[in-house]
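Reader: I am new to protein structures. Can you walk me through one, feature by feature?

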Amino acid sequence: MASLDGHKTNETSLNDVEIPVHAIGVERNIDYSQRANWLRAAVLGANDGLVSVASLMMGVGAVKENITAMVLAGFAGLIAGACSMAIGEFVSVYTQYDIEIAQMKRESIGGVSEEGKREKLPNPFQAALASALAFSVGAVVPLLAAAFIRSHKIRLAVVVIVASLTLVVFGGIGAVLGKTPLTKSCLRMLIGGWLAMTLTFGLTKLFAFAGI
């Protein structure tokens with residue numbers, strides 16, 4: 001801008017100034033729902049493995065003091081559970097995959113391009129492998145806890161204690177990754193595990209006592 005005496009000034013019109021505005025102290029918005037699928041599979045698989053195998057070992061331990069019987073039952077539960085989780089997740093995700101493929105074909109007929117959409121489709125094989133691995137990780141915890149303890153009562157107590165601590169850890173991990181309340185998540189895991197182990201131990205003991 002020129003002044004009245006013909007010299008340029010350093011003044012700049014406010015209309016020509018772009019002032020960047022930044023939000024200070026505001027956390028960037030993250031869509032945590034995008035984590036839901038893999039987080040659900042991982043936490044659910046590990047929790048199922050831990051609770052299923054720990055409960056199975058408690059049930060066998062209610063009527064058998066032999067460590068071999070207890071560990072073998074837990075190992076069989078690990079293999080069977082991992083296969084079950086893998087197959088179930090594979091079928092579930094493949095069904096979702098087929099539904100989305102069918103929808104993409106209908107949209108393609110209507111003139112909507114399919115490019116880039118196939119890359120976002122769920123992978124049934126990855127989901128099955130992740131579920132099986134997650135289940136195995138949870139299931140191996142009570143197995144390792146009981147494998148080298150000869151005393152029957154101590155073995156049962158160790159399985160319960162180790163399973164309880166691990167359930168709290170799993171609940172905490174799920175809460176941190178999913179940005180959900182920590183205490184509620186841990187309590188849900190812990191109470192659910194306690195109920196499963198107590199019912200399995202108690203009912204097995206009752207059936208054995210009744211001679212069923």
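Author: Let us begin with surface. Accessible areas come from the Shrake-Rupley method with a 1.4 Å probe. The model here is predicted. The accessible surface of this protein comes to about 14,100 Å². Carbon and sulfur atoms hold 66% of that surface.

Reader: Which elements make up the protein, and in what order do they run from the N terminus?

Author: Helices and strands are numbered from the N terminus. From that end, the elements run α-α-α-α-α. There are five helices and zero strands.

Reader: What share of the residues counts as buried?

Author: Buried means under 20% relative accessible area. Of the 212 residues, 31% fall in that class.

Reader: Which residues touch the most other members of the largest nonpolar core?

Author: A nonpolar core is a set of buried residues joined through side-chain atoms within 4.5 Å. The largest one has 25 residues, and Val53, Met57 and Val159 touch the most other members. Helices α1 (36-63), α2 (67-109), α3 (124-146), α4 and α5 (182-210) each give two or more residues to this core. The most come from α1, with seven residues.

Reader: What does Met57 touch, leaving out residues up to four places away in sequence?

Author: Met57 touches Met70, Gly74, Pro142, Leu143, Ala146 and Val159.

Reader: Is His152 buried or exposed?

Author: His152 is buried, because its relative accessible area is 17% and the cut-off is under 20%. His152 sits in helix α4, which covers residues 152-178. Set aside neighbours within four places in sequence. His152 is then in contact with Gly61, Lys64 and Glu65.

Reader: How many disulfides does a search of the whole structure find?

Author: A disulfide is a covalent bond between the sulfur atoms of two cysteines. The search finds zero. Cys83 is partly exposed, at 44% relative accessible area. Cys186 is buried, at 13%.

Reader: Which residues make the nonpolar surface patch of about 780 Å²?

Author: Residues in such a patch have over 30% relative accessible area. This patch is made by Leu187, Ile191, Trp194, Leu195, Leu199, Leu203, Leu206 and Phe207. Take Leu206, which lies in helix α5. Leu206 is partly exposed because its relative accessible area is 46%, and that class lies between 20% and 50%.

Reader: Where is Gly88, and how far is its C-alpha atom from that of Ala132?

Author: Gly88 is in helix α2. Gly88 counts as partly exposed, with 39% relative accessibility. Gly88 and Ala132 are 44 residues apart along the chain, and their C-alpha atoms are separated by 9.9 Å.

Reader: What about Pro181: where is its place?

Author: Pro181 is in the loop between α4 and α5. With a relative accessible area of 48%, Pro181 is partly exposed. Pro181 and Gly171 are ten residues apart along the chain, with their C-alpha atoms separated by 9.9 Å.

Note on methods: Residues are numbered from 1 along each chain as its sequence is written. This is a predicted model: local features need pLDDT of at least 70, side-chain atom pairs count only at pLDDT 80 or more; totals for chains, interfaces and linings use all residues. Side-chain values use heavy atoms; hydrogens and water are left out. A disulfide is a pair of cysteine sulfur atoms within 2.5 Å. Buried means under 20% relative accessible area, exposed over 50%, partly exposed in between (1.4 Å probe, protein chains only). Helices (H or I, at least four residues) and strands (E, at least two) are DSSP runs, numbered from the N terminus. Contact means heavy atoms within 4.5 Å. Patches are made of residues with over 30% relative accessible area and no salt bridge: like charges are joined within 9 Å, nonpolar side chains (Val, Leu, Ile, Met, Phe, Trp, Tyr) within 5 Å. A salt bridge is a side-chain nitrogen of Lys or Arg within 4 Å of a carboxyl oxygen of Asp or Glu.
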